[in-house]
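Q: Hi, could you walk me through this structure? I'd like to start with pockets and then move on to the core.

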Amino acid sequence: MKNTFLIAFALILFTSCGNDDTSNNTFKDYTEENDAEILAYIAENELSAQKTDSGLYYVIDNQGTGVQPTSSDNVTVAYKGYFTNGTVFDASDEDGISFNLNQVIPGWTEGITYFNEGGSGILLIPSHLGYGSFNYNGIPAGSVLIFDVTLISVN
């Protein structure tokens, strides 16, 4: 009788763990649609962008001549963040803000390292390098994020 109870308990446990119903799961992979959205934006705005292995696109308008940061450096950056439809969701003042590159979204951690101090350009960040498939402070899940950036200094 004890063995029967254990077998029944194990079947219930494994059956409940094997539930493949993802209807309540909020994760969605936006990679393909983000890439298409970014490519359309690049074409519409006649940008000459580079794509990295991670899926980040970037445009260097001015490389800059100062120090080039690493992904763990503290930097000061002036920026404007917006969606592909032009709606601005965040911006710094011209003096910029300072932060450590390992404490921001992966698109910034990677993207800012392509510039030298004094450099400027555009980061086109797919959602998997931004806020993913979750809403975040008014940024809808799966959003492509575009940032006009100027790397003021590597601190």
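**Pocket, cores and loops**

A: Happy to; note that this is a predicted model. The largest pocket holds about 300 Å³ of space.

Q: Which residues lie nearest the centre of that largest pocket?

A: Tyr 79, Asp 90, Trp 108, Tyr 131 and Phe 147 do, out of 13 lining residues.

Q: Switching to the largest nonpolar core: which residues touch the most other members?

A: Val 77, Trp 108, Ile 112, Leu 123, Ile 125, Phe 147 and Val 149, from a core of 21 residues. At least two residues each come from β3 (74–82), β6 (120–125) and β7 (145–154). The largest share is that of β7, with five residues.

Q: What is Trp 108 in contact with, leaving aside neighbours within four places in sequence?

A: Its contacts are Val 77, Tyr 79, Phe 99, Leu 101, Leu 123, Ile 125, Phe 147 and Val 149. Apart from this core there is another of ten residues, including Ile 38, Ile 42, Val 59 and Ile 122.

Q: New topic: where is Glu 46, and what is its phi?

A: Glu 46 sits in the loop between α2 (31–44) and β1 (50–51). Its phi is near 50 degrees, positive although the residue is not glycine. Most residues other than glycine have a negative phi.

Q: Is Asn 137 buried or exposed?

A: Asn 137 is exposed, at 69% relative accessible area. Its place is the loop between β6 and β7, and its phi is near 45 degrees, also a positive value.

Terms used: Residues are numbered from 1 along each chain as its sequence is written. This is a predicted model: local features need pLDDT of at least 70, side-chain atom pairs count only at pLDDT 80 or more; totals for chains, interfaces and linings use all residues. Side-chain values use heavy atoms; hydrogens and water are left out. On a 1 Å grid over the protein atoms alone, a cavity is a set of points where a 1.4 Å probe fits but cannot get out, and a pocket is an open set with protein on both sides within 12 Å along at least five of seven lines; lining residues have an atom within 4 Å of a point. Grid points are joined across faces, edges and corners, and a volume is the space filled by probe spheres set on the points. A nonpolar core is a set of buried Ala, Val, Leu, Ile, Met, Phe, Trp, Tyr and Cys residues joined through side-chain atoms within 4.5 Å. Buried means under 20% relative accessible area, exposed over 50%, partly exposed in between (1.4 Å probe, protein chains only). Helices (H or I, at least four residues) and strands (E, at least two) are DSSP runs, numbered from the N terminus. Contact means heavy atoms within 4.5 Å.
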